[in-house]
Amino acid sequence: MGWVANPAVTADKFEGEIVLIHVQSGLYFSLRGAAVSLWEALATPVEQSALLALFGTLSENALKRVEEVLALFEAKGLVLESSGPFSVPAGVSFELPVVESYDDLADLITLDPIHDVSAEGWPNVVERSAPT
Amino acid sequence: MSSNDQLLRELLDEGCSHVRASRVADYGVGPDNFTVVASDSRAFEFLTERLFPASAASGFVVYLCVGTVPEWALEHSGPSHLERLHTAEEGLIGQYDGDHKHWSIWDPVTRRGLFWVESMDLLPEWHRAAPLRSILQWALTDTPYTLAHAGGVGGTLLVGKGGSGKSTTVFACARAGMPTCGDDLVVVGNGNAYPLYDSAKLRFGSLEVAGGVDFGDKRLYRLSDLGTVAAMPIHSIAVPMVGSESTSTLSPCRASEALRALAPSTVFLLRGRERACVEKLAVLVRSVPTYRLHLGADHGVSVLKELACRYP
């Protein structure tokens with residue numbers, strides 16, 4: 001099995017950090033350390049085993065962190081399954097991966113723009129009474 | 001061309017054909033201009049009263065059509081409200097609001113936009129304050145410019161989601177004599193920020209400002225009533241943060257933090273052509289110093305004035 005970066009996700013790199021924006025879900029992310037290397041390796045289809053081998057031999061804890069990042073990429077729709085052809089990314093050194101997820105705008109992106117927004121328009125939300 | 005694309009093009013052609021050019025005027029969008037053509041005076045007045053008139057030749061045309069609109073008959077392109085946004089080949093793009101019965105369509109090949117509403121009675125009031133925003137954003141796709149969810153004052157671009165303090169800062173700075181180009185939506189590109197709408201909104205209880213009209217839980221003012229409205233070179237980007245100190249302060253922040261404050265709220269607001277928009281915003285945040293603006297009781301006036309003096 002392999003993955004490739006979801007082309008609907010925008011990615012911009014700044015001095016060791018990548019900002020991802022997933023327009024459909026309203027989520028955005030900050031990647032640092034090994035998460036950056038993993039994302040860059042996903043620019044073309046790559047097998048999961050190649051991603052896990054990207055940093056050479058890792059401690060059990062480090063490998064677990066890499067797997068967690070890949071699981072998050074998949075769970076949040078940042079990557080898509082791919083059947084190849086697969087590339088083999090060049091090895092890089094390991095730095096502890098950091099992924100920060102921001103969902104403060106997600107409620108707005110999933111609003112029904114007709115029924116849930118106020119007269120001021122999106123993203124102003126209609127105040128509703130709590131259901132009784 | 002797919003059947004969806006064909007349907008969208010037919011809609012555009014049909015809507016434009018209904019418009020007799022009885023009302024025609026030019027307006028600005030960034031350094032570019034566009035022409036609005038309408039036969040319905042009420043639609044023309046409502047949808048142009050907050051645009052800035054221009055005198056130079058026009059770059060593209062937006063037709064305003066009022067009359068029975070065709071329902072959305074295209075395949076849904078995604079979940080939630082994205083389902084009513086369709087992007088066709090050759091850049092043709094359209095969005096449909098089914099409850100308020102209006103279409104926004106843009107064709108980059110013929111450089112025509114169409115805003116087609118069934119009845120002006122159905123149109124939400126926010127269209128008066130920020131008219132045609134999707135069409136204008138799409139029209140800028142192939143230019144260096146983009147709309148940005150930001151305020152601009154004294155050469156500093158204020159970026160952040162709603163409620164972060166952009167508007168209050170812009171109002172306070174404008175009252176202190178600083179030029180502004182907007183409190184919520186501006187055009188940015190090539191290192192400059194441009195006013196887009198002659199609108200500025202302030203939440204009740206944030207600042208006492210005379211005039212304006214009720215607008216939900218805010219008051220709607222004319223930007224031009226606040227002071228000098230002007231295009232400005234952007235020398236800095238600041239991410240406002242509401243604080244409790246008496247004096248506002250600035251501290252450097254990473255460009256990535258500024259992009260996180262600017263790009264998501266912009267592209268979630270202005271659907272379609274998101275990638276082009278984010279690319280332009282990323283270029284911008286890389287090009288100037290970026291700061292956190294810790295807002296105090298002075299609403300950032302002193303520190304933003306000082307910053308403006310550094311970049312005369």
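Hi everyone, let's start with one pair of residues: Asp214(B) stands opposite Arg219(B), which belongs to strand S15(B). Before going on, a word on the source: this is a predicted model, where local features need pLDDT of at least 70 and side-chain atom pairs count only at pLDDT 80 or more, while totals for chains, interfaces and linings use all residues. Residues are numbered from 1 along each chain as its sequence is written, and chains are lettered from A and ligands numbered from 1 in the order in which they are written.

Back to our strands, which are DSSP runs of E with at least two residues, just as helices are runs of H or I with at least four, numbered from the N terminus. S14(B) and S15(B), residues 218-221, run antiparallel and are joined by 3 bridges; two strands pair if DSSP finds at least two bridges between them.

Which strands stand at the edges of the sheet? The open sheet has 3 strands in the order S13-S15-S14 (chain B), with antiparallel pairing. S13 (200-203) and S14 (213-215) of chain B are at the edges, each with a single partner strand, so one side of each has no neighbour in the sheet.

Now for the domains. Chain B is assigned domain 1 (3-139) and domain 2 (146-310), with bounds from an automatic or database domain assignment. Their centres, taken over C-alpha atoms, are 27 Å apart. In chain B, 19 residues of domain 1 are in contact with 18 residues of domain 2, meaning C-beta atoms, placed from the backbone, within 7 Å. On the domain 1 side of that contact, H4(B) gives the most, with 5 residues.

Key. Two residues are in contact if their C-beta atoms, placed from the backbone, lie within 7 Å.
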